[in-house]
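Please read the following briefing beside the sequence and the structure shown here. The notes are grouped by topic.

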Amino acid sequence: MGGQVLETYADQKLKQGIQQGAMLMAQLSVKLAEDGRISEITRAASDTSYMDKLLEEYKINKDII
């Protein structure tokens, strides 16, 4: 039973992480599109270091979503 509870907890955390990542990317994509930086959306989606840089630039806080 203990292993099953841990697996469920891990699954929930994984889902939360995926949802958080999707929300961050969505917010960033909107900001980039509003600023006419369309080509950077693709780069941010494939380069996490670049995405982190843009999140800082746009002051999108990764911890509050």
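## A buried glutamate and its surroundings

At 18% relative accessibility, E40 counts as buried, where buried means under 20% relative accessible area, exposed means over 50%, and partly exposed lies in between (1.4 Å probe, protein chains only). This is a predicted model, in which local features need pLDDT of at least 70 and side-chain atom pairs count only at pLDDT 80 or more, whereas totals for chains, interfaces and linings use all residues. Residues are numbered from 1 along each chain as its sequence is written, and side-chain values use heavy atoms, with hydrogens and water left out.

**Overall architecture**

- The protein chain has three helices and zero strands, and from the N terminus on its elements run α-α-α; helices (H or I, at least four residues) and strands (E, at least two) are DSSP runs, numbered from the N terminus.
- Buried residues make up 22% of the 65 residues in the protein chain.
- The protein chain exposes about 4900 Å², of which carbon and sulfur atoms supply 56%; accessible areas come from the Shrake-Rupley method with a 1.4 Å probe, and for residues only the protein chains shown count as cover.
- Of the contacts in the protein chain with a separation of 6 or more, 47% are accounted for by residues 24 or more positions apart, a contact meaning heavy atoms within 4.5 Å.

**Salt bridges and the setting of E40**

- A search of the whole structure finds three salt bridges, each being a side-chain nitrogen of Lys or Arg within 4 Å of a carboxyl oxygen of Asp or Glu.
- R37 forms a salt bridge with E40, with the closest N and O atoms 2.7 Å apart, and both of these residues are buried.
- R37 also forms a salt bridge with E57, with the closest N and O atoms 2.6 Å apart. This pair links distant parts of the chain, since R37 lies in the loop between helix 1 (2-34) and helix 2 (39-46) while E57 lies in helix 3 (residues 48-57), 20 residues apart.
- E57 counts as partly exposed, because its relative accessibility is 39%.
- Leaving aside its neighbours within four places in sequence, E40 is in contact with L32, Y50 and L54.
- R43 forms a salt bridge with D47, with the closest N and O atoms 4.0 Å apart; R43 counts as partly exposed at 43% relative accessibility, and D47 counts as partly exposed at 27%.

**Nonpolar core**

- In soluble globular proteins, nonpolar side chains tend to be buried together.
- The largest nonpolar core is made up of eleven residues, namely L24, M25, L28, L32, A44, Y50, M51, L54, L55, Y58 and I60; such a core is a set of buried Ala, Val, Leu, Ile, Met, Phe, Trp, Tyr and Cys residues joined through side-chain atoms within 4.5 Å. Helix 1 and helix 3 each supply at least two residues of this core.
- L28, placed in helix 1, is buried with a relative accessible area of 0%, and, not counting residues up to four places away in sequence, L28 touches A44, M51, L54, L55, Y58 and I60.
- With residues up to four places away in sequence again set aside, M25 touches I41, A44, A45 and M51.

**Helix 3 and the segment after it**

- The buried residues of helix 3 are Y50, M51, L54 and L55. Seen down the axis of helix 3, these buried residues fall within an arc of 140°, so they line one face of the helix; the arc is that of the directions from the helix axis to the C-beta atoms.
- On the other side of helix 3, S49 and E56 are exposed.
- D47 caps the N-terminal end of helix 3, with a side-chain oxygen that lies 3.1 Å from the backbone nitrogen of S49.
- Just after helix 3, K59 takes a positive phi of about 55°, a positive value in a residue other than glycine.
- K59 is exposed, with a relative accessible area of 72%.
- L28 and K59 are 31 residues apart in sequence and 9.8 Å apart in space, C-alpha to C-alpha.

Note on methods
A polar contact is a pair of N or O atoms within 3.5 Å; within protein, one must be able to donate a hydrogen and the other to accept it, and residues adjacent in sequence count only if both atoms are side-chain atoms.
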